[in-house]
Amino acid sequence: MTRKILPALTLVASALAFAPAYAMQFDFGVYLDDKRIGHHTFTVTADDVGNRIVRSDASFDVRFLMVPVFRYRHTAEERWQDGCLQQIASQTTVNGKDSALRGSRAEDVFALQVTRGKEVRDVALPACVSTFAYWDIQTLQQHTQLLNSQTGSYEAVTFDQPSQGRLTINGGKFVIDLEYAASQWQGLSTLRDGRRLEYRLEPAEGPTSQAL
């Protein structure tokens, strides 16, 4: 299974071959019970035939009485084609503990390698998979299971649209509420351990789209 994961040199070659036609950036402030704890930025670039590269960077710090109690760092790069994930590479650190994902589409499977500390496991998923692609509401709803880009878990989900501009993802153990305006992602909220976590679009940065 490990042999099916694309070598690093191939990733570099595909990056050089990618010719972006536009870029869109989403800069979110992250809030826990209305207190800002960090940021999460997503950049989506696409070429003329619909291939996409999605990069994200997150940094959260939670303090209690000025003492750090939770520290989270996450970076990821995803490559997409025709609504299917082609490659993923992510690195996450939670309170000093590291984990990583590496995966690529190969033949009739998506070959995923999950590293947590010293533990490494290989997972074979269906050929066409999707992460939690909040940035593309159409792609998101084409899938009945979504890949967690941090943990590697493949979650069964259902979708509901309670009102115009809103989409709810229900994963059984979690519910994520999303906001959109003209199909542009505007925000996110969910409950974690009874506390409300929100992504609020930073007005000064905003989602921007420009030709490159």
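Strands here are DSSP runs of E at least two residues long, numbered from the N terminus. The model is a predicted one, where local features need pLDDT of at least 70 and side-chain atom pairs count only at pLDDT 80 or more, while totals for chains, interfaces and linings use all residues. Residue numbers start from 1 along each chain as its sequence is written, and side-chain values use heavy atoms, with hydrogens and water left out.

**View 1. Strand 4 gives the largest share of the lining of the largest pocket, five residues.** A pocket is an open set of points on a 1 Å grid over the protein atoms alone, where a 1.4 Å probe fits, with protein on both sides within 12 Å along at least five of seven lines; lining residues have an atom within 4 Å of a point. The volume comes to about 1100 Å³, taken as the space filled by probe spheres set on the points, which are joined across faces, edges and corners. Look for Y72, N148, Q150, R192 and L197: of the 37 lining residues, these sit closest to the pocket's centre.

**View 2. E107 has a positive phi of about 55°, though it isn't a glycine.** Most residues other than glycine have a negative phi. You'll find E107 in the loop between strand 6 (97-106) and strand 7 (109-116). With 71% relative accessibility, E107 counts as exposed (over 50% relative accessible area, 1.4 Å probe, protein chains only).

**View 3. D193 is another non-glycine residue with a positive phi, near 55°.** This one is in the loop between strand 14 and strand 15. D193 is exposed too, at a relative accessible area of 83%.

Definitions and conventions. Helix = DSSP H or I, 4+ residues; strand = E, 2+ residues; numbered from the N terminus. Buried < 20%, exposed > 50% of the residue type's maximum accessible area, 1.4 Å probe, protein only.
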